[in-house]
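Let's walk through this structure together, one piece at a time. Please have the model open as you read.

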Amino acid sequence: MNAENARVSDVAEEALKQIEEIEALMKADTDEDAFAKYLRSGEDLKSVVDQHDSELKQLSSQYIDDHVKQVENIVQLYNELNACDQKIEDFEEEIVTFLRNLEESANDIVLMQQNTETLVRSVSHRRQVSNKIHEVYAALQECDTFCEDIANKEVDRSFLASLREIDHKLLFLSKNKSLQGSAVDNELRPKLKTAAKKAGDKLHKYLTKKMEALASCTTLAEVESAQQSLEQSSQYAYRFLLLYNAPVANDIAKLYINTMVQMYTNHVRTALREVTDAAEVHAHPLNPIVTADELTSILSNRDTGSPKGCQVQAAPLHFPGKVLSTRDRSISQHVRSDAASRVRTLKEATFEENVLPLREIRVRYSKLYFDEKVKEVLNKCDSWTWRFAHFLQQLVNICSSECTFISNFFCIPNESDEAGDFNVAESIARSVLGRVIQTVETALPQEMVLVLNRSSVLASLRFLEVAKQYLCTSLDPVPLVLLSGVLEMTKACLKNNIRTFIRNDTEVLPVVEGLKLSLFQTAPDDSSSTDALITAGKSYLLTLGPHPVVCRVFDVLGQVEYLNCAPFRCETFSGGATDIYDPNVLKYTDQSVPVFLGFISTLAKRHKSRLAQCLFVCNNLYFVFFSLQQISRRNPIPESLAVKDEKETPFIASAGTVTAIEERLQTAFRDFIRVEAGANATESFDYIFSVVQKAEDQLGEAFFADAGATEGKRLPSDLTEERIRTAVTRFGQKHESEMTSSIKRLKSLTTSVFDNYKAVMG
């Protein structure tokens, strides 16, 4: 059958080829082309047509015969093609059926995968449930043994570790909702709670012993060490009691409060006694910045700065200032013991030692700290500021460390209620430190009013601000809340002391400004030259040096300026700092400094010689400038406490004071050169000064300062253009050499005066 089919296919293929060849021949040439071809060839067309007709007939006959012979094969081929088409249709139907079956199989596979995943999850859940059940039954098996160990063991490290196990088991039962109310829960929970209660009874005895050991501490360092040990070993134990045995936890808290109240009270009273003793030692009457006796001596020329034989009878002086006595300043009668005698035996504190606590205070391990070497130095002097600073340091450190311990030991962290933790910590801290704070609030202000020394009061106030800054930057707000009352009351007392001495000193200023002094009758006059002043004698040279009252007054004002302007601050405080601390003190110095700078000029007018007056002013102003510089140099501010970008000044003081002294020095040097030039017949200086003086007399002092102020005015007739040109020419030619000579003479005079002053005054 297959061979026959192949043969039929070959015959059909051959027939199709022949048909294609005929069609190609028919398309090759058109009738017109064939006709034109034959015309060119010259043949007879009729004969050609006849020949073609005969050939066509032969081909037609042959074609018909061939088709007749192949009719059966063609019919057979046609039938076979129809059969093939039918088979192809059947095959297509089978493919469609297969695809449908394949899609159904894919759906079955997906469903089987889903069922497999569900089965895997079920197996995993069953395994987890099996583990939980195993854990529960393991806990049931171990519970009896575990509870028995809790009841019989002594409290040690393993016992404290067991407390966490109890808490873990109870927490597991509480969080597992599937077990709540079940037989397992009903069996386990009562046993664990009973074990927790028995553990609480043992912890009560254990923590009571710890509190008794805490009470035996004698120093703050021992207390802190014992608290750290208690926190490390028993912190969780107390929290366990809070959760499962609150009555025992409350008893422990009460025991701790009672123990620490008594211990802290005794310690603070001992520390406060040192402040009391120092206050009694420093409770001296406070004189005004200038006393009536000093001014009376100056008016009568009987002071140290007056030469012999110049005394006069002074008129009665109306002096408004008063001596502030201890009786006036004390608010109550204090019963003093002999404990202050130890402080009296110590050497008197210098200003540098009073400032040292401010300069050396540090923060170490989150506490205020003084180096041991600094303590050793300060304990050898009777500095009130050191006693006050040391007491305040101890009080602040007690509150800080105690609040930290209370927060860590007695409060359970609770993210949902942070305010509750703060309230609990504050409540316990007030219970522990309340009596201490009340004692300080009662006693400390009474001691503050006894001390009125200007530098001591201001230094104490600055240290109080440093301690306050430290508390403000602390992460724990409770110490600041507890000590705010003490700090504000103490600050108010110190501020009141400052207002007291400012008011008393300010009342004296008008008297100083209005002084009218008598001349030194035996002193050299204007006819004396520079050399005559040097050879006038040591007693007279002494009157040209720094005046004792000027030295003392500016020493006081310099100390006040330093304490009011130096950038003392806590090294943990990152806020900005102003140029001054107290505006009232700044106002006081701004009023006082110009008055006493003018007082120097008033004292100078007692000398007959203008050269002596200028020399006296220069020496005293230079001494004032040098003294203020020395105060700043002897008390440098550490870099850790200094304010960045601080303006460079010759010494630490307000801008007004620095400017006033520098301007007075410039004026004094200029006046000395002018007067010295006239006294020594200095040609260029004397000539130019005479021209300037005449111009100022005619046109006013603004002639050389403001061009517009002289508009419409004319120079004196004797100040011709030629004279002015001559004066300027001489000054330009000789001013350098003459200025050098004047400076050398001033240096020589000043050196002689100060050498004599040092030899006489020591």
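**A pair of packed helices**

In this predicted model, helix α21 (residues 548–565) and helix α23 (residues 610–634) have axes that come within 10 Å and cross at roughly 35°. Axes here are lines fitted to C-alpha atoms, for helices over the stretch in contact, with angles from 0 to 180 degrees between N-to-C directions. Helices are DSSP runs of H or I with at least four residues, numbered from the N terminus.

Now look at helix α22 (residues 583–604), where 22 residues reach 32 Å from first C-alpha to last. At its start, a side-chain oxygen of Asp-582 comes to within 2.9 Å of the backbone nitrogen of Asn-584.

A few reading notes: residues are numbered from 1 along each chain as its sequence is written. Because the model is predicted, local features need pLDDT of at least 70 and side-chain atom pairs count only at pLDDT 80 or more, while totals for chains, interfaces and linings use all residues, and side-chain values use heavy atoms, with hydrogens and water left out.

Technical notes: Helices (H or I, at least four residues) and strands (E, at least two) are DSSP runs, numbered from the N terminus. The expected span of a helix is 1.5 Å times one less than its number of residues. A polar contact is a pair of N or O atoms within 3.5 Å; within protein, one must be able to donate a hydrogen and the other to accept it, and residues adjacent in sequence count only if both atoms are side-chain atoms.
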